[in-house]
Amino acid sequence: MADKRRFTLFADFIEASFPGVKAVFDVAGGQGKLNEVLTARGLSCVTFDRRVKHLPVTYAERELHLDEPCACDVIVGLHPDGATRVIVDYAATHGIPFAVVPCCSDNSMPYNPWMRHIAELGRAHGFDVWEATLPMEGRARVVAGRPKR
Ligand SMILES: C[S@@+](CC[C@H](N)C(=O)[O-])C[C@H]1O[C@@H](n2cnc3c(N)ncnc32)[C@H](O)[C@@H]1O
């Protein structure tokens with residue numbers, strides 16, 4: 001069972017790590033709870049997920065693809081499962097920062113190698129990559145990246 005505090009804790013991380021952020025793409029956002037928290041804090045947020053049932057937040061009922069027009073300052077994913085890599089690839093394509101809290105891999109890779117793989121993918125794209133851990137139970141490690149100047 002994932003920790004219910006994850007939405008506020010990840011929102012804290014996003015605001016602290018990307019000061020001045022105004023617009024966020026939340027990929028694989030499920031019901032849109034992270035969106036709800038960010039919106040309540042005055043940020044603009046669009047959630048991308050295939051789900052039809054969700055909270056009344058700004059929501060794109062589809063997968064994110066690399067050609068989606070970039071209307072955000074940062075792209076994030078909280079336990080984004082099969083969307084983890086596309087978040088990093090999208091950030092690289094559009095020259096914006098990213099932050100993901102990986103959970104399951106998209107190819108049966110175990111958790112620790114998956115974490116290393118995502119960090120290496122960010123570095124291979126030329127990001128300054130760092131890691132953090134949210135103070136919660138379960139899959140709590142963050143991989144984040146900023147384009148190098
Ligand atoms: C474990 S849930 C996490 C949902 C939410 N972020 C949370 O923390 O509660 C994973 C979500 O990823 C979505 N998902 C998986 N692959 C996706 C993709 N390629 N594009 C968009 N959403 C995807 C699923 O529909 C599901 O809602």
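## Reading a sheet, a helix and a ligand shell

Tutor: Let's start with two neighbours: strand S1 (residues 23–27) and strand S2 (residues 44–48) run parallel and are joined by 5 bridges. Helices (H or I, at least four residues) and strands (E, at least two) are DSSP runs, numbered from the N terminus. Two strands pair if DSSP finds at least two bridges between them. Asp26 stands opposite Thr47 in S2. This is a predicted model, where local features need pLDDT of at least 70, side-chain atom pairs count only at pLDDT 80 or more, and totals for chains, interfaces and linings use all residues. Residues are numbered from 1 along each chain as its sequence is written.

Student: In what order do the strands of the sheet lie?

Tutor: Strands of a sheet pair through backbone hydrogen bonds, either parallel or antiparallel. Here 7 strands form an open sheet with mixed pairing, in the order S3-S2-S1-S4-S5-S7-S6. Strand S3 (59–60) and strand S6 (127–133) are the edge strands, each pairing on one side only.

Student: Which residues of H1 are buried?

Tutor: An α-helix has 3.6 residues a turn, so residues three or four places apart point the same way. In H1, Arg6, Phe7, Phe10, Ala11 and Ile14 are buried (20 or more other C-beta atoms, placed from the backbone, within 10 Å of their own). Seen down the axis of H1, these fall within an arc of 125° (taken from the directions from the helix axis to the C-beta atoms), so they line one face of the helix.

Student: How many residues surround the ligand?

Tutor: There are 18 (C-beta atom, placed from the backbone, within 6 Å of it), and the closest are Ala28, Gly30, Glu63, Gly82 and Ala83.

Conventions:
A residue is buried if 20 or more other C-beta atoms lie within 10 Å of its own, exposed if 12 or fewer, and partly exposed in between; C-beta atoms are placed from the backbone.
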